[in-house]
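Here is a short briefing for a first look. Keep the sequence and the 3D view open as you read.

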Amino acid sequence: GANGSLFNQFRQVTLWNWQNTLSYNKDFGDHGIDVVAGAEYQLQTFDQFFGQGQNFSDPFFLQNGLISGTFTIPQSGGSYNQTSFESYFGRVNYSFKDRYLVGFSVRRDGLSRLAEESRFGTFFGGSVGYRISEENFFKNSAIARVISDLKIRGSYAEVGNSDIGLFPFASLYGSARYGSQNGIAFNQAGNQDLQWETSTKTNIGADFRFLNNRIGFTFDYFLNDVNGNILAVPYPPSLGIPGNSINQNIGVIRNEGVEFSIDALAMRKGGFTWNVNANFTMVKNEVIETFRNVDGTFAEIGRGSYQVNARVAHQINELYGFVWAGVNSANGFPMYVKGDGTIIQRNVSTGAYSVFNAANPTDTSTPSTLSQLDVANGGDRRILGNTLPTWYGGLTNTFAYKGLSLELFFRFSGGNEVYNQTRQDVLLNQDFTNSGTDLLRSWTPENPNTDIPRMVINQNVFVNQTGEATSRFVEDGDFLRLQNIVLGYSVPKSVLDKMPNTRISKVRVFAQVQNAFIWTPYSGADPELGFNGIDNNTNPLNRTITFGLNVGF
C-alpha cells in the first residue's frame, strides 16, 4: 500500500545426530577380514514463524522491524514439524591373497515419516572383486609391462529413500475457515500401506593402472531402478478427497549408463609436475512403470502447462507444449504447428487463431484452434525436450613448481534442454516492465523478417503464449564451467627453519575464484539452475573470490 508493507520471518532447522560404530580388522596368513557394525539416530526439527504488517503510520517505522502500534493490518503464522530416523547396519569384507574380494552389507532403517507397521525396512548389499594382476600368469605375461594393476568387480545394493515428504501415510486435519470463523478440516487422505521407496543399484566395473601406476583408468556400468515411488495418484473430484489425490507406492524409474574416469601424472620434470584427473558419465533416465488406468494401460502423471512429470518410456519431467513455427512476415503474428502438421497463426490483438496460407499470408479468414490435448489424442501438444542431462563430468588440472601451485577445475554437462520462462514472461513481455533489448527487433512493416512477433501493449498472452510452453523458448542446456581456480604458494621449510625463535612449520598463501566463467549456448543467466529445467527469474550462481593464509605450528 501507500504506507508500505513489512515482512519478518524466523526459520530454524535443528538436526540431532548420534552415530556409534565398531570396527575389526585382522590379517592372518593369506586371509584378511574387515568388519564394521554400528547404529545411527537422527532427530530433525523444523520450526518457523512470521509476522507481517501493512499500512504503517509513517515510512520511518519500516526501518527497524515490526514495532507494535505502528501499523493497522497485522498478519502472522508459522509451522512446526519433527521427524526421526533410526538405523542399524553392518558390513563384512573378506580378501584372499589380496586377489579375491568379497563383501556383504545389511541395513535396518526406520523412518517416522511412514506408518508404524511399515516404518522399518531391511536393505542388503553385496560385492565381489578379482584382482587379476595378482595372478602369476598375469605377472609373467608381456601385458604386465604396460598394465601394472587390473581389477574387475561387481556389486548389488538396495537403498531406502528417506526423503519422501512429511508423513505422506497420515490422514491429516489442518486449519481452515468457515465463513469468518476459524476451524479445522480434512486436508490429506492417508495411506497406511505406504512402504519404503527403494533403489536397487547394480554396478559392474574394472580398474586399470598403467606404466607403473602413473596412469589410472576406471570403467563402470550402472543400473539403478527406483521402485515404489511415493507419488500422489489422482482421483475424481466427485469423491471429495483433499487435493483429489492419495499417496501410493507406484512406478519404477530407471537410470542406466556408463562412467569413465582417469587420473594421470602427465609430466614430471625439473621440479615441475602436472596431474590430470577427469571423469565422464553418460546416463539414460526412463520411466518404466506408473500406476495403471482402468483399461490396464500405464497412466501419465503430472501433465501441466509446461511439463509432463512421468510418462512410460520417457524421461521424467519432460518439457511439453506447442511447436513454434516463427513469425508471419506479412503481419507479425506468431505461428504454430498443429498436431496434423497444419501451420496456424494467432492474432496478437484478439487472440483468434487462423490457418496460415503461404500463398496469401495476410489471409486470416479460415478459423482454427490450438488444442490442449496430446498429439496422440488428436490435439496439438507434444514433448518438446528433456530436462535431465544425458552426459556430464569434470576435469581437474593441477600444476606445481617449487612451492607454487595452480589448480583448474572444469565441470561440463549437456544433452538436455532448458525452458527460458524468464525470456517468455519478462524479457519479451508486452507491458514494458524490465523488458529486454530483443524487443527492439520486434516485427514492424519496416522490419518484417524477424523472430520477434508484433508488439501489442498488455497482450503478452497472445504474443508470447504466456502460461504455456512453446518450443520457441526451449534452449540447449549444454555448458562448460570453470568452477574453481586456486593459486597458492607454500614457503619453503628451509626458509622457515632460518627464522629465529619461531615454531611455525608451514605457511601457505592462496587466492581462489569459485564459479569463474561459463561457456554455454543458453541465452539466460545460467542453464544449470531453475526448477526441473524451467528457468523462471532464477538468480545465477555467485562468483566468489577468496584470499587466505594457512599457518601450521
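In which sense do strand β12 and strand β22 pair, and over how many bridges? They pair in the antiparallel sense, over eleven bridges. Keep in mind that this is a predicted model. The points below go from the whole chain to its strands.

**Overall build**
- The protein chain holds four helices and 29 strands.
- Its radius of gyration is 31 Å, well over the 24 Å that the globule rule gives for 553 residues, so the chain is more spread out than a compact globule.
- The C-alpha trace spans about 90 × 65 × 60 Å along its principal axes.

**Burial, contacts and surface**
- Of the 553 residues, 37% count as buried.
- Take the contacts in the chain with a separation of 6 or more: residues 24 or more positions apart account for 63% of them.
- The chain exposes about 30700 Å².

**Charge**
- The chain carries 42 positive and 48 negative side chains.
- The centres of these two sets lie 10 Å apart.

**Strands β12, β22 and β23**
- Strand β12 covers residues 272-289, and strand β22 covers residues 391-401.
- To find this pairing in the view, look for Ala-278, whose bridge partner in β22 is Leu-395.
- β22 also pairs with strand β23, residues 404-414.
- Eleven bridges join β22 to β23, and the two run antiparallel.
- One of the landmarks here is Phe-399, which has Leu-406 in β23 as its bridge partner.
- β22 and β23 form a hairpin, with two residues between them.
- Lys-402 sits in the turn of this hairpin and has a positive phi of about 50°.

- Strand β5 (residues 120-131) pairs with strand β6 (residues 147-161).
- The sense is antiparallel, and the pairing has seven bridges.
- Gly-125 marks the spot: its bridge partner in β6 is Ala-157.
- β6 pairs with strand β9 (residues 197-210) as well, in the antiparallel sense.
- This β6 and β9 pairing runs over 14 bridges.
- Among them is the bridge from Lys-151 to Asp-207 in β9.

**Reading the strands**
- In a regular strand, side chains alternate between the two faces of the sheet.
- β6 can come next, as it pairs with β5 and with β9.

Notes: Residues are numbered from 1 along each chain as its sequence is written. This is a predicted model: local features need pLDDT of at least 70, side-chain atom pairs count only at pLDDT 80 or more; totals for chains, interfaces and linings use all residues. Side-chain values use heavy atoms; hydrogens and water are left out. The radius of gyration is taken over C-alpha atoms; the globule rule is 2.2 Å times the number of residues to the power 0.38. Buried means under 20% relative accessible area, exposed over 50%, partly exposed in between (1.4 Å probe, protein chains only). Contact means heavy atoms within 4.5 Å. Accessible areas come from the Shrake-Rupley method with a 1.4 Å probe; for residues, only the protein chains shown count as cover. Lys and Arg count as positive and Asp and Glu as negative; His and the chain ends are not counted. The place of a charge is taken as NZ of Lys, CZ of Arg, CG of Asp or CD of Glu. Two strands pair if DSSP finds at least two bridges between them.
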